[in-house]
Amino acid sequence: MILSHKTWSVYIIGVALVLLFLTNISIGSVSIPLAKVVATIFSFNDGSDTIASIIWQLRVPKAVTCVLAGAALSIAGLLMQTLFRNPLAGPDVLGLSSGASLMVAFVLLIGTSSASYLPAVSPWSLAVAASLGSGVIFLIVIAIAHRVRDNTSLLIIGLMIAAASGSLVSVLQYLSKAQDLQAFVIWTLGSVGGTHWSEILILLLLLLIGGTIAITSVKALNAWLLGDNYARSLGINIIKSRLMIVLATSLLAGGVTAFCGPIAFVGLAVPHLIRLLIPTTNHKVLIPMVSVGGAALLLLCDIMAQVPGSSNVLPLNAITSMIGAPVVIWVVMRSRGVKM
């Protein structure tokens with residue numbers, strides 16, 4: 001039996017995900033052989049020795065976070081590119097990440113280092129602040145989506161909300177102290193290394209809910225590709241389907257931003273890379289494949305961010321931008337008919 005190109009691509013992406021997951025666990029300030037990683041994971045070692053403790057308490061949570069965050073951002077990016085029929089639309093196009101950044105900026109930049117009446121900043125307080133910020137923007141976008149009739153207007157409004165939030169963040173940065181500004185800048189660089197199992201469970205729940213909404217919206221997503229009129233001719237409820245897509249994107253992108261910070265380019269680049277490997281427009285195939293591809297890409301970026309033999313880790317967004325920026329350039333050049 002001869003396998004098709006599409007089938008081979010699916011197998012290759014799946015195998016790459018497994019290998020990258022194991023490699024991600026083995027690489028760090030303490031290098032662990034792959035054989036030891038596999039033996040520890042599949043023997044369910046309870047962490048009685050040092051290596052097992054490192055694997056289960058540090059490496060596995062980080063790798064699982066990469067998988068969940070990469071999958072969530074990639075699905076959100078695919079949904080936005082389909083809804084707006086814009087290849088350069090990403091999961092942050094609705095301003096959710098900007099709203100999260102604004103609330104985190106309020107927490108970190110209003111002088112927490114010198115104001116004794118403010119509670120101590122913890123990862124959970126930042127996650128709650130980011131969730132509130134993206135939640136407020138989500139409610140605004142939902143209210144607007146009820147009123148506007150076309151997706152282009154919704155896209156423009158989302159970009160303007162992001163611009164307004166960004167301007168407020170700039171004001172807070174200008175007025176903040178150096179140590180507070182440093183903490184905020186570190187948060188904006190993105191990180192998958194600070195999550196614990198309780199946070200991972202929340203990310204998993206959000207991914208399951210958002211992914212389920214996306215899967216149940218496959219018919220609407222396929223119809224959106226051919227325009228509003230075609231979607232209506234198939235009996236698609238335009239307003240309802242748009243709200244469901246926005247809801248799924250908000251849950252996926254907002255949850256990742258809350259626990260990992262604003263991770264750039266993954267949601268924008270992965271749908272294009274998957275379409276390159278698996279040429280199809282059927283979202284029944286695209287949604288599961290971009291989730292696997294996004295998980296693999298973020299694992300690869302986290303591996304590249306590790307400095308061999310050192311405890312230092314490069315900013316995650318620096319690595320994702322190195323990979324994502326060429327993809328965006330390629331998309332623009334291809335859309336203009338320029339031969340690469």
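A crossing of two helices is left-handed if the near helix is turned anticlockwise from the far one by less than a right angle, and right-handed if clockwise. By that rule, α4 and α6 cross in a left-handed way. The model described here is predicted. Two packed helices are described by the angle between their axes and the distance between the axes. This briefing takes helix α4 and two of its partners in turn.

**α4 with α6**

- Helix α4 covers residues 96-109 and helix α6 covers residues 151-175; their axes come within 9 Å and cross at roughly 15 degrees.
- Angles under 35 degrees count as roughly parallel, so α4 is roughly parallel to α6.
- On the α4 side, the contact is made by S98, G99, S101, L102, A105, F106 and L109.
- On the α6 side, the contact is made by A162, S165, L168, V169, L172 and Q173.
- By class, this contact between α4 and α6 has eight nonpolar residues, five polar ones and no charged ones.

**α4 with α7**

- Helix α7 covers residues 178-188, and the axes of α4 and α7 come within 9 Å, crossing at roughly 150 degrees.
- Angles over 145 degrees count as roughly antiparallel, so α4 is roughly antiparallel to α7.
- The crossing of α4 and α7 is right-handed.
- From α4, the contact involves A100, S101, V104, A105, L108 and L109.
- From α7, the contact involves D180, L181, A183, F184 and W187.
- The residues in the contact of α4 with α7 divide into nine nonpolar, one polar and one charged.

How values were computed. Residues numbered from 1 in each chain as written. Predicted model: local features only at pLDDT ≥ 70, side-chain atom pairs only at ≥ 80, totals over all residues. Heavy atoms only, no water. Axes fitted to C-alpha atoms, helices over the stretch in contact; angles between N-to-C directions. Helix = DSSP H or I, 4+ residues; strand = E, 2+ residues; numbered from the N terminus. Parallel < 35°, antiparallel > 145°, perpendicular 65-115°, else oblique. Contact = heavy atoms within 4.5 Å. Nonpolar A, V, L, I, M, F, W, Y, C, P; charged D, E, K, R; others polar.
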